Amino acid sequence: IRDKLVTGVQTCALPIYKIQMLVPLLTSLLAATPALAHPGHMADGAAAGLLHPLLGPDHLLAMLGIGLWAAKRGGSALWRLPVTFVAALAVGGFVGAGVGTLPDIEAMIALTVLVLGVAIATDARLPAAAGLGAVALFGAVHGMAHGAEVPADTSVWLFGMGFVATSIALHGAGIGTALLLRATGLLRPIGLFFAAAGAALLGTL
């Protein structure tokens, strides 16, 4: 029994140790390019919305992370998690455009990346309701951030359709990647990288 307990503790501690090793490096890299600034939109309307999730590593990693986790969960989670996220993303976008964001929204977004990374690395299997609730919260937070940054003189509807479309594409990319790598054992280190990136993003705030 003692040996099993020791093995269990080591199994849990190893990912944390690896994350701690990556965080300082990623913090330095991300500090040079602020994750949430999204400076200089080069387009407007739907084009601006399409580009928006790609302009910061926080949104990009979270969108990919949803797809990766959904594929790892499998079953109905393969479509329920992304659909739930996108629905909450759209609602959050309109809320953000209308009333603004929540305090510390940047930290919340970084935290979504960290949590998704841990979920991917540990193959977390929450109860269905808890998983969907968490993903809905993540989607709403990201949507509010997108909505609050709609460029002046740009249609909220067009901008919203743009960032929703890109988010769906990134979910698909995450799902495809997970399905391709499922038998390779590479998803665990990818999850650790995402978790470390989330922690690094928090460190830049």
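**Helices and an aromatic pair**

Colleague: Is Phe 159 buried or exposed?

Modeller: Buried means under 20% relative accessible area, exposed over 50%, and partly exposed in between, with a 1.4 Å probe and protein chains only. Phe 159 has 0% relative accessibility, so it counts as buried.

Colleague: At what pLDDT do side-chain atom pairs count in this predicted model?

Modeller: Residues are numbered from 1 along each chain as its sequence is written, and side-chain values use heavy atoms, with hydrogens and water left out. The model is predicted: totals for chains, interfaces and linings use all residues, local features need pLDDT of at least 70, and side-chain atom pairs count only at pLDDT 80 or more.

Colleague: Which kind of pair do Phe 159 and Phe 163 form?

Modeller: Rings of Phe, Tyr and Trp (its six-membered ring) pair if their centres lie within 6.5 Å; planes under 30 degrees apart are stacked, over 60 edge-to-face, and the rest tilted. The structure holds three aromatic pairs. In the pair of Phe 159 and Phe 163, the centres are 5.7 Å apart and the planes lie at 70 degrees, so the pair is edge-to-face.

Colleague: How many helices does the chain have?

Modeller: The elements run α-α-α-α-α-α-α-α from the N terminus on. There are zero strands, and the number of helices is eight.

Colleague: What span does H4 reach from its first C-alpha to its last?

Modeller: The expected span is 1.5 Å times one less than the number of residues. H4 (residues 77-99) has 23 residues, for which 33 Å is expected; close to this, its span is 32 Å.

Colleague: Which helices do the buried residues of H4 pack against?

Modeller: Among the buried residues of H4 are Leu 81, Phe 85, Leu 89 and Gly 96. The buried residues of H4 pack against H3 (57-73), H6 (128-148) and H7 (156-181).

Colleague: Which helices do the buried residues of H6 pack against?

Modeller: Buried residues of H6 include Val 135, Phe 138, His 142 and Met 144. The helices that the buried residues of H6 pack against are H3, H4, H5 (105-122) and H7.

Colleague: What share of contacts between residues at least 6 apart in sequence join residues at least 24 apart?

Modeller: Contact means heavy atoms within 4.5 Å. Among contacts between residues at least 6 apart, the share that joins residues at least 24 apart is 84%.

Methods. Helix = DSSP H or I, 4+ residues; strand = E, 2+ residues; numbered from the N terminus.
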